[in-house]
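Me: I am new to this structure. Can you walk me through how to read its features, step by step?

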Amino acid sequence: MIDPEEALSRIHNNINAKLSQQIITANPLMLLETLSDSALSNAFDRATLVLPESAGLALLSRLQNFSIPKRIAGIDFMLKLCRDAEINFWPVYLLGGKPGVSERAALTLREQFPQLRIAGYAHGHMSVFEENKVTLEIAGHTPLLLFVGLGSPAQEKWINL
């Protein structure tokens with residue numbers, strides 16, 4: 001397993017190398033679901049990083065005689081990435097939540113990180129047509145960071161497509 005600073009370093013290196021990456025912040029229920037959901041299992045297998053989000057994973061790792069160095073809360077990690085995005089002028093895109101949630105998240109992030117470049121945002125309650133439109137919009141804005149909050153396992157599968 002990997003600590004938050006090493007995870008950030010790897011993400012920076014991949015961005016600088018222009019490599020696509022998927023980071024999953026995992027909990028025990030998600031891992032359990034990979035046993036019966038091949039699409040989710042595939043997302044975990046293909047992910048660049050799987051970070052331990054919950055204390056439950058730490059407990060599970062100790063029971064299996066495997067030590068996780070530190071829990072990495074997804075929201076805390078996202079804020080660290082937004083800090084880095086502000087410093088490095090990386091555009092970010094926010095996807096997910098009910099209508100209005102991603103817009104409020106963008107406003108909140110701009111308050112905390114005034115120079116953060118928000119490439120765009122969209123809610124996560126979409127028809128197939130709207131999803132295709134949002135996918136094209138995201139591609140057109142070429143964000144270097146895409147934060148997806150569709151709930152698990154939908155978000156992991158969506159990113160993995």
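Reply: We will take a helix, a sheet, the cores and a loop in turn. Keep in mind that this is a predicted model.

Me: Which residues of H6 are buried?

Reply: First the general idea. An α-helix has 3.6 residues a turn, so residues three or four places apart point the same way. Now the case here. The buried residues of H6 are Ser102, Ala106 and Leu109. They cover an arc of only 65° around the axis, which puts them on the same side of H6.

Me: Which exposed residues does the face turned away from that side carry?

Reply: That face of H6 carries Arg104 and Glu111, both exposed.

Me: What do the buried residues of H6 pack against?

Reply: They pack against helix H5 (74–88), strand E3 (92–96) and strand E4 (118–122).

Me: Now the sheet. What is the order of its strands?

Reply: The order is E4-E3-E5, in an open sheet of three strands with parallel pairing. E4 and strand E5 (145–149) stand at the edges with a single partner strand each, so one side of each has no neighbour in the sheet. From one strand to the next, the twist averages 10°.

Me: How many bridges join E3 to E4?

Reply: Four bridges join them. Leucine 95 stands opposite alanine 122 in E4. Helix H7 (residues 128–141) packs on the sheet and touches E3, E4 and E5. Its direction makes about 165° with that of E3.

Me: Next, the cores. Which residues have the most contacts inside the largest nonpolar core?

Reply: They are Phe77, Leu116, Leu145 and Phe147, in a core of 22 residues. H5 gives the largest share of this core, five residues. Take leucine 116 as a case. Leaving aside neighbours within four places in sequence, its contacts include Cys82, Val92 and Leu109. A second, separate core has eight residues, among them Tyr93, Leu95, Met126 and Ile138.

Me: Last, the loop. Where is glutamine 64, and is it buried or exposed?

Reply: Glutamine 64 lies in the loop between helix H4 (55–63) and H5. To call a residue exposed, look for over 50% relative accessible area. Glutamine 64 has 59%, so it is exposed. Its C-alpha is separated by 35 Å from that of glycine 97, 33 residues apart along the chain.

Conventions. Residues numbered from 1 in each chain as written. Predicted model: local features only at pLDDT ≥ 70, side-chain atom pairs only at ≥ 80, totals over all residues. Heavy atoms only, no water. Buried < 20%, exposed > 50% of the residue type's maximum accessible area, 1.4 Å probe, protein only. Helix = DSSP H or I, 4+ residues; strand = E, 2+ residues; numbered from the N terminus. Arc of directions from axis to C-beta. Contact = heavy atoms within 4.5 Å. Pairing = 2+ DSSP bridges. Axes fitted to C-alpha atoms, helices over the stretch in contact; angles between N-to-C directions. Core = buried A, V, L, I, M, F, W, Y, C linked by side-chain atoms within 4.5 Å.
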